[in-house]
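Here is a short briefing on the fold. Read it alongside the sequence and the model.

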Amino acid sequence: MTNTKIGIAGVGGIGSNVAVNLVRSGIGSLKIVDFDRVEDSNLNRQFYFADQIGQPKIKALALNLRRIRPGLHIEAVTARIDAANCQSIFGDCDLIVEGFDRQEDKKMLLELLGADRIVVSACGIAGSDLASIRTRRLGSCFIVGDFATDIACAPLFAHKVGTIANHMSAIVLRHREVP
């Protein structure tokens, strides 16, 4: 398809599922960034397997994605993304997918990267209701979710996380040619 390089900030429920969708849709170059390891509690909604518990998420995800598409160009970076390294980590990416858990991290990424490239983000991914999922556009940022249901007040369910990741993937695919 295209040589657009997509950056994925955080490869948990949102990031790992968006990555799978993009690889299956023909995206050939990804940069995945995370610092965390696969845990048993991740398996209900993230693209990892029981035998990968304890492994760094980026290494496990890179392996899983290459099983789908062996020729995939994937750069796996182990890092906790913050204001000091965000621009240098994603400077070579044409489009960014935000998959953070914490609101302050989401805000930081959108503020630092959202002015000069498309950023696709999520807000309100907890709970089980799909009817209230919608997309908002703020400049070059697209935000998908119900904008209300936080993980602090409701559990995460695979069907809702997957639905939001699917919507986010569609936005990336629609805008992948835009620098």
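**Helix packing**

- The helices α1 and α2 cross in the right-handed sense; a crossing is right-handed if the near helix is turned clockwise from the far one by less than a right angle, and left-handed if anticlockwise.
- This is a predicted model: local features need pLDDT of at least 70, side-chain atom pairs count only at pLDDT 80 or more, and totals for chains, interfaces and linings use all residues.
- Residues are numbered from 1 along each chain as its sequence is written, and side-chain values use heavy atoms, with hydrogens and water left out.
- Helices (H or I, at least four residues) and strands (E, at least two) are DSSP runs, numbered from the N terminus.
- The axes of α1 and α2 lie 10 Å apart, at an angle of about 25°.
- Axes are lines fitted to C-alpha atoms, for helices over the stretch in contact; angles run from 0 to 180 degrees between N-to-C directions.
- α1 and α2 are therefore roughly parallel to each other; angles under 35 degrees count as roughly parallel, over 145 as roughly antiparallel, 65 to 115 as roughly perpendicular and the rest as oblique.
- From α1, the residues S16, A19, V20, V23 and R24 make the contact with L61, L65 and I68 of α2. Contact means heavy atoms within 4.5 Å.
- The axes of α1 and α5 come within 8 Å and cross at roughly 50°. That makes α1 oblique to α5.
- The crossing of α1 and α5 is right-handed.
- On the α1 side, G13, I14, N17, V18, N21 and L22 take part. They meet V161, I164, A165, N166, M168, S169, V172 and L173 in α5.

**Nonpolar cores**

- The largest nonpolar core holds 37 residues. Such a core is a set of buried Ala, Val, Leu, Ile, Met, Phe, Trp, Tyr and Cys residues joined through side-chain atoms within 4.5 Å.
- Buried means under 20% relative accessible area, exposed over 50%, and partly exposed in between (1.4 Å probe, protein chains only).
- I6, L30, L65 and M168 have the most contacts inside this core.
- At least two core residues come from each of β1 (5-9), α1 (13-24), β2 (29-34), α2 (57-68), β4 (95-98), β5 (118-122), β7 and α5 (158-175).
- Another core, of 17 residues, lies apart from it; A9, V33, L110 and V119 are among them.
- Neighbours within four places in sequence aside, M168 is in contact with I14, V18, V97, E98, V120, S121, A122 and V144.

**The sheet**

- Seven strands form an open, mixed sheet in the order β3-β2-β1-β4-β5-β7-β6. Two strands pair if DSSP finds at least two bridges between them.
- β3 (73-78) and β6 (134-138) are the edge strands, each pairing on one side only.
- On average, neighbouring strands are turned by 15° against each other, direction ignored.

**Strand β7 and its partners**

- β6 and β7 (residues 141-145) pair in the antiparallel sense over five bridges. R137 stands opposite F142, and R134 has G145 as its bridge partner.
- Two residues separate β6 and β7 in their hairpin. G139 in the turn has a positive phi of about 65°.
- β5 and β7 pair in the parallel sense over four bridges. The bridge partner of S121 is I143.
- Five of the five residues of β7 are buried. C141, I143 and G145 point one way, F142 and V144 the other.
- In a regular strand the side chains alternate between the two faces of the sheet.
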